[in-house]
Amino acid sequence: MCAMRTKQTQEVRERDRNHVAALANGLRAIEAFATSRHRMTVAEVAKHSRLTRAATRRYLLTLVANGYADFDGKRFQLTSRVLRLGHAYISSVPLPQIAQPIVEELGHRTDESIALSVLEGSESVTIASSAPRRILGIFTRVGTHLPALSTATGRVLLAGKSDDAIRDILRSAHIQNLTPKTKTSPNQIWEEIRRIRRSGYALNDEEIEVGLRVIAVPVRETGGNVVASMCVSTYSGRYEVDQLTEKFLQQLLNASERLGQLL
């Protein structure tokens with residue numbers, strides 16, 4: 001029993017040695033702004049962070065000195081520099097993990113199959129997906145590889161590339177005739193990519209699979225580069241191809257913008 005207590009005491013001391021109280025309390029002061037108004041007095045921050053007023057004032061003035069807060073003589077306010085802390089987290093998290101909640105939310109709203117894809121060579125690769133609640137529904141599994149030149153997601157991704165990069169893929173890739181509607185002519189595919197660049201979205205009418213219709217939009221990071229493509233897939237019996245834009249385009253664009261803001 002004594003040996004166990006001694007071990008527990010040693011573990012507590014080790015944690016105490018590795019714990020920087022000032023940093024922990026400073027973070028508590030930052031978090032206090034999430035529970036009240038965006039401009040707060042020392043007393044208000046102290047109340048929400050459960051720190052003494054004297055300590056709270058020191059932490060807040062330290063934040064001001066380092067550009068994380070502003071002080072007008074009475075109240076403190078966090079600055080946009082605090083977003084760097086969140087960006088550090090977002091930058092370290094893989095895209096699929098960031099995207100999955102947005103993909104699932106869109107799937108729940110549309111009750112259709114949603115997929116997020118990236119370009120890998122000449123293929124569109126699914127990295128996040130959501131299945132519809134309907135028993136008989138389309139579901140694109142994570143890890144699915146499809147020819148970029150023949151899919152809505154792939155063409156959206158290609159539309160974000162340079163003309164030279166697209167020409168290289170057209171020269172090297174074998175364009176398969178997957179269905180009677182598959183576009184196999186390089187000129188046809190070029191025209192489709194140009195249309196996507198003009199309109200900002202892609203439609204695919206049974207080119208990849210008979211009975212499958214897809215609408216896709218690009219996902220752009222804050223710098224404007226296309227990093228992924230998000231799509232809604234549905235059966236041809238549910239919607240005509242010209243109904244896809246009216247039914248799903250704005251929802252896709254909203255979800256894409258939300259994801260892009262996190263990148």
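Contact means heavy atoms within 4.5 Å. This is a predicted model, in which local features need pLDDT of at least 70, side-chain atom pairs count only at pLDDT 80 or more, and totals for chains, interfaces and linings use all residues. Residues are numbered from 1 along each chain as its sequence is written, and side-chain values use heavy atoms, with hydrogens and water left out.

**View 1. The whole chain.** The chain has ten helices and nine strands. Helices (H or I, at least four residues) and strands (E, at least two) are DSSP runs, numbered from the N terminus. Of the 263 residues, 40% count as buried. Buried means under 20% relative accessible area, exposed over 50%, and partly exposed in between (1.4 Å probe, protein chains only). The accessible surface comes to about 15100 Å². Carbon and sulfur atoms hold 51% of that surface. Accessible areas come from the Shrake-Rupley method with a 1.4 Å probe; for residues, only the protein chains shown count as cover. Among contacts with a separation of 6 or more, 54% join residues 24 or more positions apart.

View 2. T79 sits in the loop between β3 and α5 (83-92). T79 counts as buried because its relative accessibility is 18%. Leaving out residues up to four places away in sequence, T79 touches G67, Y68, A69 and D70.

**View 3. A three-strand open sheet.** The strand order is β1-β3-β2, with antiparallel pairing. Its edge strands, β1 (39-40) and β2 (69-71), each pair on one side only. Two strands pair if DSSP finds at least two bridges between them. Three antiparallel bridges link β2 to β3 (residues 76-78). A69 has L78 of β3 as its bridge partner.

**View 4. A covered helix, α7.** Helix α7 spans residues 152-159, and eight of its eight residues are buried. They are A152, T153, G154, R155, V156, L157, L158 and A159. At the helix start, a side-chain oxygen of T151 comes to within 3.0 Å of the backbone nitrogen of G154.

View 5. V20, L23 and L27 make a nonpolar surface patch of about 280 Å². Patch residues have over 30% relative accessible area and no salt bridge; like charges are joined within 9 Å, and nonpolar side chains (Val, Leu, Ile, Met, Phe, Trp, Tyr) within 5 Å. A salt bridge is a side-chain nitrogen of Lys or Arg within 4 Å of a carboxyl oxygen of Asp or Glu. V20 lies in the loop between α1 (2-18) and α2 (21-31). V20 counts as exposed because its relative accessibility is 52%.

Technical notes
A polar contact is a pair of N or O atoms within 3.5 Å; within protein, one must be able to donate a hydrogen and the other to accept it, and residues adjacent in sequence count only if both atoms are side-chain atoms.
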